[in-house]
Amino acid sequence: IRLRFHTPTTFEVASDLKWGSWMPLPIPKLVFGSLRSRAARFCPELGEPPSQAELVEGRVALGRFHSLESHMLHFQRRDRRRTGFTGECEFLLDRDLALKERLWLHLVAGFAFYGGIGAGTSWGMGQAWREPLDSFLYRGGAA
């Protein structure tokens, strides 16, 4: 799954919103965790795959990335600063994932264009979209 992060993207890793509670890196469990929760709120009928730990941990890896850059945004209205990343990232899927799980990951990745990824999407952060691939790539080769 190849995602292009068009505007700076960051993730809230602690709910207290204190300094140091943000992660401005494309860590698979954060990327797909964000997509999972947004898609579930948008369309509960979509259904849930196995738990995120089972689906993403050790089954989705960050592969190649290109033009990954860090940006500092200052929101004057809220007097906040946020660091985020932009660029293109390819996420590799374990070929042992069931077809339903692979399709579910591709489906929520496609939802990124509509729902955004990460924190601050109402401020314009986290705009991303899925880039098309010639074929699905999995660990160990093409399928």
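A pocket is an open set of grid points with protein on both sides within 12 Å along at least five of seven lines, and its lining residues have an atom within 4 Å of a point. The views below come from a predicted model.

**View 1. The second largest pocket and its lining.** The residues lining this pocket are Phe 11, Glu 12, Leu 30, Ser 34, Ser 37, Arg 38, Arg 41, Gly 118 and Ala 119. Two elements, β2 (11–12) and α1 (28–42), each give two or more residues to the lining. The most come from α1, with five residues. By type, the lining holds three nonpolar, three polar and three charged residues. The space in the second largest pocket is about 160 Å³.

**View 2. The largest nonpolar core.** This core has 25 residues, and those touching the most other members are Leu 3, Phe 5, Val 31, Phe 32, Leu 35, Leu 105 and Ile 117. At least two core residues come from each of β1 (2–9), α1, β5 (80–93) and α3 (99–115). With six residues, α3 gives the most. In soluble globular proteins, nonpolar side chains tend to be buried together.

**View 3. The surroundings of Ile 117.** Leaving aside residues up to four places away in sequence, Ile 117 touches residues including Leu 3, Phe 5, Val 31 and Leu 35. Among its other contacts are Phe 11, Ser 34 and Arg 38, which also line the second largest pocket.

**View 4. Helix α3 and the residue after it.** The 17 residues of α3 should span 24 Å at 1.5 Å a residue, and its end C-alpha atoms are 24 Å apart, so the two values agree. Buried residues of α3 include Glu 101, Arg 102, Trp 104 and Leu 105. Just after α3, Gly 116 has a positive phi of about 75°.

Technical notes: Residues numbered from 1 in each chain as written. Predicted model: local features only at pLDDT ≥ 70, side-chain atom pairs only at ≥ 80, totals over all residues. Heavy atoms only, no water. 1 Å grid on protein atoms, 1.4 Å probe; cavity = no way out; pocket = protein on both sides within 12 Å on 5 of 7 lines; lining within 4 Å. Points joined across faces, edges and corners; volume = space filled by probe spheres on them. Helix = DSSP H or I, 4+ residues; strand = E, 2+ residues; numbered from the N terminus. Nonpolar A, V, L, I, M, F, W, Y, C, P; charged D, E, K, R; others polar. Core = buried A, V, L, I, M, F, W, Y, C linked by side-chain atoms within 4.5 Å. Buried < 20%, exposed > 50% of the residue type's maximum accessible area, 1.4 Å probe, protein only. Contact = heavy atoms within 4.5 Å. Expected span 1.5 Å × (residues − 1).
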